[in-house]
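This report concerns the contact between protein chains and a DNA strand. The sequence and the structure are shown first.

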4 protein chains.
Amino acid sequence: MPTSTSKRDHILHSALTLFAERGFDATTIPMIANDANVGAGTIYRYFENKEVLVNTLFQHYVTLFTNTLEENYPQDHSIRDQFHHLFQGMVRFTNEHEHALYFIKTHNAAYFLDDTSREHFNHLLMILQNFIDEGKEEKQIRELPSKALIAIIFGGFLELFKLIRAGDIEASDELLAGVEESCWDAVRHPE
Amino acid sequence: MPTSTSKRDHILHSALTLFAERGFDATTIPMIANDANVGAGTIYRYFENKEVLVNTLFQHYVTLFTNTLEENYPQDHSIRDQFHHLFQGMVRFTNEHEHALYFIKTHNAAYFLDDTSREHFNHLLMILQNFIDEGKEEKQIRELPSKALIAIIFGGFLELFKLIRAGDIEASDELLAGVEESCWDAVRHPE
Amino acid sequence: MPTSTSKRDHILHSALTLFAERGFDATTIPMIANDANVGAGTIYRYFENKEVLVNTLFQHYVTLFTNTLEENYPQDHSIRDQFHHLFQGMVRFTNEHEHALYFIKTHNAAYFLDDTSREHFNHLLMILQNFIDEGKEEKQIRELPSKALIAIIFGGFLELFKLIRAGDIEASDELLAGVEESCWDAVRHPE
Amino acid sequence: MPTSTSKRDHILHSALTLFAERGFDATTIPMIANDANVGAGTIYRYFENKEVLVNTLFQHYVTLFTNTLEENYPQDHSIRDQFHHLFQGMVRFTNEHEHALYFIKTHNAAYFLDDTSREHFNHLLMILQNFIDEGKEEKQIRELPSKALIAIIFGGFLELFKLIRAGDIEASDELLAGVEESCWDAVRHPE
DNA sequence: CATGAATGAGTATTCATTCAT
DNA sequence: AATGAATGAATACTCATTCAT
C-alpha cells in the first residue's frame with residue numbers, strides 16, 4: 001500500500017473538514033497536520049503552499065460532485081426526472097462527502113481561488129444551467145434567469161444541509177422527499 | 001457636525017463591506033482603517049478589539065433587519081400577505097444596506113460571536129419561525145420542519161442577492177416579483 | 001494663584017508616585033494625566049516628552065534631597081553627629097516626600113537619564129563620600145571603599161523604607177533609632 | 001549536543017542579562033531574541049509569553065539561590081558561622097550568576113510575578129528570617145524586626161554588588177571579608 | 001521520505017505624541 | 001492655555017514556510 005498516497009488523502013480530508021468548519025483563514029497548517037497525523041512539513045511535500053492545497057481540494061470535490069451529477073444523467077427523461085436525478089445526486093454526494101458541498105458553497109467566491117478552480121466551478125454551474133434552460137424551453141420551468149433559479153435551489157439546499165450537519169433537523173427519506181418537492185415547486189412553471 | 005460619530009460610522013461601514021467581501025479572518029485592522037480613512041489606532045477608541053467590532057456590527061444589522069421585518073407587520077392579513085411583507089422587507093433591507101444581509105448570513109455561525117449576538121440572531125429567526133408556524137396551522141404552508149423552510153427561503157434569497165451584488169443578474173421589479181413567487185411556491189402548501 | 005504652576009506640580013507629583021510604584025516603562029502618559037486630573041496633552045505643555053519629565057523629576061528630588069542633607073550640616077561636630085544628621089535627613093526627606101527616595105533609588109542607573117541627572121546624582125553621592133572620607137581619616141569609620149560603605153548604608157536604608165511603605169513594618173521612633181544604630185555599626189571603625 | 005536545550009538556555013541567559021540591565025518593561029522580545037541569536041518566534045516555542053518567561057527565570061534563580069544557601073547549612077554552628085555561610089553563599093552565587101541576584105532584587109515586587117514566583121521568593125526570605133530569629137533568641141543578633149534586618153543586609157549587599165558589576169570597585173577577597181564584617185556588625189547584638 | 005524545530009514576515013493592539021478646537 | 005481625539009510607530013505574538021536531521 002503506497003503510504004504517501006494515503007498521507008496525501010489524510011491531509012486533504014483533514015483540510016476539507018477544517019476548512020468547512022472554520023473557514024480557510026481560520027484554519028492553520030499545524031491544525032491540519034495535527035488532524036491528519038502528519039508533520040506540518042509533510043503537507044509541503046504534497047502541496048506547494050496553503051493556497052495550492054485549498055485549490056486542489058476545491059477542484060477535487062467540484063469534479064467529484066460534477067461527476068456525480070453527470071453520471072447516468074437521464075437526458076431523455078422528463079424535466080422532473082432530470083430534477084430528481086440532480087437532487088438525488090446532491091443528497092448522495094453530501095452523504096458520501098460530509099463536508100464537501102458546504103466547503104464548496106462557502107469558498108466558491110473566495111479571493112484565493114485560482115482560474116482553474118473558477119473554471120471547474122463554472123462547469124458545475126453549467127450542468128445546472130443546461131438543465132434549467134432545457135426546462136424553460138419546454139415550459140416546464142418558470143421564466144426567471146437561470147442563475148437566479150440555480151441560486152434558489154442551490155442556496156436553499158445547502159442552507160438545509162448546514163442544519164442537518166449541525167443536528168438541528170434529521171435527514172429522513174421523508175424529509176428529503178418533501179424538500180425535493182419544495183425545491184421543485186420553486187422552479188417549476190406554475191400552472 | 002459630530003466628527004467622532006461620523007468616524008465610528010465610517011469604521012463600521014468599512015468593516016461591514018470588508019467582512020462581507022473577504023470574511024472576518026481575512027480582513028485586517030489596517031485594511032479597515034485604510035478603507036475608513038482613519039488611523040489604525042482610532043478603531044480602538046471606538047471598539048475594544050476586533051471581536052467587539054464584529055459583534056457590534058453583527059448586532060447592529062441584525063437589529064436593523066429585525067426592525068425592518070417587524071415594522072408594520074400585517075399580523076391580521078393572510079399568510080400570503082405576511083410572506084409578501086417579509087420578502088419586501090428583505091429586498092428593502094438589502095437595497096438600503098448593500099452588504100448587511102450577506103454579512104449576517106456568512107457570519108451567523110462564526111466562532112467569535114458572543115452570546116448577545118447569538119440571541120439577536122435567534123430573535124430574528126423567531127420572527128420567521130412564527131410566520132411559518134402560523135402558516136402551517138392554517139394549512140397555507142407545507143408540512144416541513146420550520147427550520148428547513150426558513151433555510152430554503154433564506155438560503156435561496158441570499159444566494160440570489162449574492163448574484164445581484166456581483167452584477168450577474170439585474171434586480172428589476174419584475175425579477176423580484178418572480179423570485180417572490182418562486183420562494184412562495186417553495187413553502188406554500190401544494191393543492 | 002498661578003493655575004499653570006499648580007498643574008505642573010500635580011503632574012510631577014503624580015509622575016513621582018506612579019514611577020515609584022510601577023517604574024518608568026510601565027507608567028503611561030495617560031495614567032499620569034488621569035492621576036493628575038489634567039488632559040494628556042497638557043503634560044506636553046510643561047514637559048517636552050516623557051524622558052524630559054522623568055529627568056526633571058529626578059533632578060528635582062535629588063536636589064531637594066541634597067539640600068536636606070546639606071542644610072545645617074554639622075561640619076564641626078563629631079563623625080557620629082554627622083552620621084546622625086545624615087540619617088535624620090534621610091528619615092525626614094522620606095517622611096516629607098513619600099515616594100521620592102525610592103524613585104531615586106530605583107531609577108538612578110536607568111538608561112534614560114541624561115548627563116545632568118547623572119551629575120546631580122553624583123553630587124549627592126559626593127556628600128556622603130566626603131563624610132565617609134573624613135570619618136576614615138579620623139579612624140572613626142572602617143577602612144572600606146567609600147562607595148562600598150555608601151552602598152551598604154544607602155542600600156540597607158532604602159530597602160527598609162520599601163518595607164515601611166509596603167506596610168510590612170511600622171516606622172516608630174524606636175525602630176528608626178535602632179536602625180540608625182545598626183547602620184552606624186556597619187560603617188564605624190571596629191575597636 | 002541537544003540544540004534545543006541550548007537554545008532555551010541561551011534565551012534564559014539573554015533574558016536574565018537584559019532584564020537585570022534594563023528591567024522587564026524596557027526589554028523587548030526582539031532584543032532578547034537578538035541577544036540569544038534566535039528568531040523572535042523561537043522564544044515562543046519555549047515560553048508561552050513574556051510573563052511566563054520572566055516568571056520561569058525568576059523561579060529558576062530564586063531556587064538556585066535558595067539551594068546555594070541551604071546546601072551544607074551549618075545548623076549546629078555558631079550564629080556567626082551561620083552568617084558567614086549565608087554571606088559566602090551570596091558571594092558565590094553572585095560570582096556564578098552575574099546578574100541573577102540583581103535581577104531578583106529589582107523584580108521581586110513586580111506586578112507581573114505569579115503566585116508561584118511569590119512563594120519561591122517567600123521561601124528564600126524564610127531562610128534568612130529563621131537565621132535572624134535564632135540569632136535573636138541567642139542574643140547574638142540585635143532586637144530589630146527580622147524583616148528590617150534582612151532588608152539592611154540584603155539591601156546593602158546588593159547595592160554593593162551593583163557597584164562591583166559596574167566596575168566601580170573591585171571584588172577582592174579582602175574587600176569581601178571587610179564587607180562581611182561590616183554587615184555582621186550591622187546585625188549582631190551590640191555589647 | 002518525513003519530521004518538527006526554527007524562522008521572520010505579518011497581525012492585533014498599545015501608547016507617546018500631535019493638533020484642531 | 002487646556003483638552004482629548006486622532007495618529008502611527010513600536011511591541012507582543014502567530015503562523016506559513018523552510019530545512020537540518
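In chain A, residues 28-47 carry the annotation "DNA-binding region" in an unreviewed UniProt entry; such annotations may be inferred rather than shown by experiment, with shortened feature names and positions in the numbering used here. The model is predicted: local features need pLDDT of at least 70 and side-chain atom pairs pLDDT 80 or more, while totals for chains, interfaces and linings use all residues. Residues are numbered from 1 along each chain as its sequence is written, chains are lettered from A in the order in which they are written, and side-chain values use heavy atoms, without hydrogens and water.

The annotated span, residues 28-47 of chain A, is 75% helix and 0% strand, and its end C-alpha atoms lie 14 Å apart. Helices (H or I, at least four residues) and strands (E, at least two) are DSSP runs numbered from the N terminus.

The surface near DNA strand E (a heavy atom within 4 Å) receives its greatest contribution, five residues, from α3(A). Helices supplying at least two residues include α1 (3-22) of chain D and α2 (29-36) of chain C.

| Protein backbone atom | Atom of DNA strand E | Distance |
|---|---|---|
| A:Gly41, polar atom | base nitrogen | 3.1 Å |
| B:Lys50, N or O | phosphate oxygen | 3.0 Å |
| D:Gly39, N or O | phosphate oxygen | 2.8 Å |

How values were computed:
Polar contact = N/O pair within 3.5 Å; in protein donor to acceptor, adjacent residues only side chain to side chain.
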